[in-house]
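Keep the structure in view while reading.

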Amino acid sequence: MTSTARRKSYGVKGAPYGFLIPASILFVLFFALPIGYAIWLSFRKVQVSGLGLGAGARKEVWAGLENYTDAFTDSELLDGALRVLGYGCIVVPVMLGLALLFALMLDSEKVRLAPFSRLAIFLPYAIPGVVAALLWGFLYLPDVSPFYFVLDKLGLPQPDLLDGGPLFLALSNIAVWGGTGFNMIVIYTSLQSIPGEVYEAAKLDGATPLQIALKIKIPMVAPSLVLTFFFSIIATLQVFSEPTTLKPLTNSVSTTWSPLMKVYQDAFGKGDIHAAAAQATIIALATLLLSFGFLRAANRRNKRDVSQGVAR
C-alpha cells in the first residue's frame, strides 16, 4: 500500500472521531467539568477565624465527608425527600396510566379526529413548566379562579388546593397535565410499529379489541413503558419549578419543599455552596442508583420472559 493510499485509509477511519470532537468538547465543558467542580466543592468548606472580618479571616479548607454527614442528618433535606416520594407515588402511576390509555385509544380503528386529538394531548407538554405552574396557580387561587366562582354560585364546598394535603394533588395535577402528552407520543409511536398482521391474526382467532389491547398491544410496548417510567422517575426526583412557582401564592410551600429547592436555598439563600454541592451530589447519586436499579430489574424480567418463551 502506497503512502497516499495509507493516508486515505487513516483519514476514512478517523472521520467518525472528527465528527465526535465538537460534541465531546461541549460535553466536557458544560457537563463533565461542572459535575467535577461540584464534587470538588462538596469536600471543602469555608473556615472563619475571629469575627470573620479582614483579609484571611475566611478561607476555604478541606472538609472531607463533613458536608455529606451534615446532609444525611439534615431534617429539611430528609423531609423534602419524603414529600417528593409522596408526590412521585401520585404523579408517575397516574401520568403513565393516562398516557397508555390515550395511546391505546388513538391506536384504535374507530377513533375519529386522531391528528387533532394527538395534538391536543401533546400540546400541554410544549408549554414551559413555569408558565404552566403559573396558569394552574391562578386557577387554584380562590379570589381569581373561575372554578371557585362557579362552585360559590352553585353553593358547593370550595376546597383550598394550595393548603395541606390537597397541595400534593395540586402539584401532581400540573405534572400530569404537562407530562402525559410526551409519554403518550412515545407509547403511541411504539404501537404504530406493531405489524398489522399481528392484529389480523388475533381477529381471526376471535379476539375482541379489549383482548387485543391487553394481550398484544400492552406486552409489545413494554419497552416503551419502561422508558417512560425511567424518564418519569428522573423528572420526579428533580421537581423544582412547580413548587417554586407556586411558593409566592401560598404559605404551605416552604423554601425547602423539595430536595432541589433545599439545594437552591443553601447555595443562593444562605451562600453555603459547599453544603449545596454535597446535597446535589447525593441527589444525583440517588437518581443514578434508582434508575440503574430499575433498568436492571426490567432487563432481568425481559430476559426471563424471553427464556420462558423459548422453553415453551
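A residue counts as buried when its relative accessible area is under 20%. By that cut-off, 32% of the 312 residues in the chain are buried. The model is predicted.

**Overall make-up**

The chain holds 13 helices and two strands. It exposes about 19,500 Å², and carbon and sulfur atoms supply 69% of that area. Take the contacts between residues at least 6 apart in sequence: 64% of them join residues at least 24 apart.

In soluble globular proteins, nonpolar side chains tend to be buried together. The largest nonpolar core here has 20 residues, and Tyr87 and Trp257 touch the most other members. Helix 3 (75–106), helix 5 (129–140) and helix 7 (166–192) are the elements that give two or more residues to this core. Helix 7 gives the most, with six residues.

Which residues does Tyr87 touch, not counting those up to four places away in sequence? They are Phe168, Leu171, Ser172, Ala175, Thr236, Val239 and Trp257. A second, separate core has 17 residues, including Ala99, Leu100, Ile194 and Ile216.

**Aromatic pairs**

A pair of aromatic rings is described by the distance of the centres and the angle of the planes. The chain has 14 aromatic pairs. Two of them are set out here.

| Pair | Centre to centre | Angle between planes | Class |
|---|---|---|---|
| Phe122 and Tyr125 | 5.6 Å | 45° | tilted |
| Trp136 and Tyr140 | 5.9 Å | 35° | tilted |

Phe122 and Tyr125 both lie in helix 4 (residues 114–126). They are three residues apart, about one turn of the helix.

Trp136 and Tyr140 sit in helix 5. They are four residues apart, so about one helical turn separates them. Both Trp136 and Tyr140 are buried.

Phe122 and Tyr125 also belong to one aromatic cluster, together with Phe182, Phe230 and Phe231. Elsewhere, a charge meets a ring: the charged end of Lys217 sits over the ring of Tyr199, 5.2 Å from its centre.

**The ends of helix 6**

Helix 6 covers residues 146–154. At its start, a side-chain oxygen of Ser145 reaches to within 3.2 Å of the backbone nitrogen of Phe147. Just after helix 6, Gly155 takes a positive phi of about 70°.

Methods:
Residues numbered from 1 in each chain as written. Predicted model: local features only at pLDDT ≥ 70, side-chain atom pairs only at ≥ 80, totals over all residues. Heavy atoms only, no water. Buried < 20%, exposed > 50% of the residue type's maximum accessible area, 1.4 Å probe, protein only. Contact = heavy atoms within 4.5 Å. Areas by Shrake-Rupley, 256 points an atom, 1.4 Å probe, with all protein chains shown as cover. Polar contact = N/O pair within 3.5 Å; in protein donor to acceptor, adjacent residues only side chain to side chain. Core = buried A, V, L, I, M, F, W, Y, C linked by side-chain atoms within 4.5 Å. Phe/Tyr/Trp six-rings, centres within 6.5 Å; stacked < 30°, edge-to-face > 60°. Lys NZ or Arg CZ within 6 Å of the ring centre and 35° of its normal.
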